[in-house]
Amino acid sequence: MTITYGPASDDFVVELNGEFDESVAKGVRDTLDTLIDNFNFKRLIIEMTNVSFLDSTGIGVVLGRFKKLRQMGRTLCVKNVNKQVDKVFSTCGLYEVVSKL
């Protein structure tokens, strides 16, 4: 998994590339938490065009960052989710709390 990121107006975009599973979840979570704590933005957008696989630990990381951001008065969105990951997000109800762009 590689992670690239940067500001875009009032947003902050994080692009994930690779499989988002248990083996990378802690690193992704730690990176996102560092960005959330150190940068000022209104909305965090997770760009998922190149996420080829996502398991329950990935869902947990996304949901945990949603909760953290909500407590700070910020929002979290996901963007360009592929069909496989989209099906997982839909099935588990993640789109009920996290917006899809």
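Me: Which pattern does the chain follow when read along the sequence?

Reply: Helices (H or I, at least four residues) and strands (E, at least two) are DSSP runs numbered from the N terminus, and in this predicted model the chain follows β-β-α-β-α-β-α-β, with three helices and five strands. Residues are numbered from 1 along each chain as its sequence is written, and side-chain values use heavy atoms, without hydrogens and water. As the model is predicted, local features need pLDDT of at least 70 and side-chain atom pairs count only at pLDDT 80 or more, while totals for chains, interfaces and linings use all residues.

Me: How should I read a helix such as H2, and which of its residues are buried?

Reply: An α-helix has 3.6 residues a turn, so residues three or four places apart point the same way. Helix H2 (residues 56-71) reaches 23 Å from its first C-alpha to its last, close to the 22 Å expected at 1.5 Å a residue, where the expected span is 1.5 Å times one less than the number of residues. Buried means under 20% relative accessible area, exposed over 50% and partly exposed in between, with a 1.4 Å probe and protein chains only; the buried residues of H2 are Gly58, Ile59, Val61, Val62, Gly64, Arg65, Phe66 and Leu69. Just after H2, Gly73 takes a positive phi of about 80°.

Me: What does Val28 touch?

Reply: Contact means heavy atoms within 4.5 Å, and Val28, found in helix H1 and buried with a relative accessible area of 2%, touches Met1, Ile3, Leu16, Phe20 and Val61, not counting residues up to four places away in sequence.
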